[in-house]
Amino acid sequence: MRLDKYLATYAGLSRKEAKAAVKSGRVQVDGRTAEKFDEKIQKNAVVYLNQKLIVVEEHIYLMLNKPAGVVSATRDDRERTVVDLVDCAGRELFPVGRLDKDAEGLLLLTDDGALAHRLLSPKYHVKKCYYVRYEGVLSEDAAELFRQGVDIGEKKNTLPAELEVLGDGQAKLTISEGKFHQVKRMIAKVGGRVTALKRLTMGNLVLDDNLAPGEYRRLTKAEIDDLAGQ
């Protein structure tokens, strides 16, 4: 990896800032002052910036409280994406799964493809809990229908889900799969129309109450370990 890219990836500098740091003699590589910003850096290199060791993280894990109006994608020619909301520190992050453009709440951003695959794989049935606001009146047997799995127009019924009606057009719904617009389609099946949707949990990961919409933070080691054990 080139030194300027290394500094952008692991020290959070822009390429311009990285080049300036090298030119001003503020970067040391394996005990010597670096002179060229495009020199190749080995994976096990010891690099200091401003006399501080750069700690290399294999992967980054961010918890984002996704706001409404932002699409769950890495790039979009017309819309602002969730990746646009975070400082990727030179890493190519992507959202693990999707939330509808008008939905809010917990979204994991990472560059760990193996973990993302595990969390999204139908094989593992990772549970996700949503807070739902809806219009209309749900059928009295809605919770039981969801426990059995309902027909939302797919080849198979949904997997068993847990519905907790909170009253006044509010509910919590826990599902273990991720079909297109699944929560909206399930609520519609039992007589409601979703007007607001917020994801609260994904597996053992719980949305941090301190994060306002659009804010994010890194996962703790305990949270990463919990996710890896899903």
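Start at the second largest pocket, which holds about 160 Å³ of space. A pocket here is an open set of points on a 1 Å grid over the protein atoms alone, where a 1.4 Å probe fits, with protein on both sides within 12 Å along at least five of seven lines. Volume is the space filled by probe spheres set on the points. You're in a predicted model, where local features need pLDDT of at least 70, side-chain atom pairs count only at pLDDT 80 or more, and totals for chains, interfaces and linings use all residues. Residues are numbered from 1 along each chain as its sequence is written, and side-chain values use heavy atoms, leaving out hydrogens and water.

Select Met1, Tyr6, Tyr10, Ile41, Gln42, Lys43, Val56, Glu57 and Glu58: they line this pocket (an atom within 4 Å of a point).

Next, pick helix α1 (residues 3–11) and helix α2 (residues 15–23); helices are DSSP runs of H or I, at least four residues, and strands are E, at least two. To see the contact (heavy atoms within 4.5 Å), show Leu3, Asp4, Lys5, Leu7 and Ala8 of α1 with Arg15, Ala18, Lys19 and Val22 of α2.

Now jump to the largest pocket, about 600 Å³ in volume. Which residues lie nearest its centre? Select Arg98, Tyr130, Gly178, Lys179 and Phe180, out of 30 lining residues. Finally, colour α3 (113–120), β8 (128–136), α5 (182–189) and β11 (192–202): each supplies at least two residues of that lining.

Key:
Axes fitted to C-alpha atoms, helices over the stretch in contact; angles between N-to-C directions.
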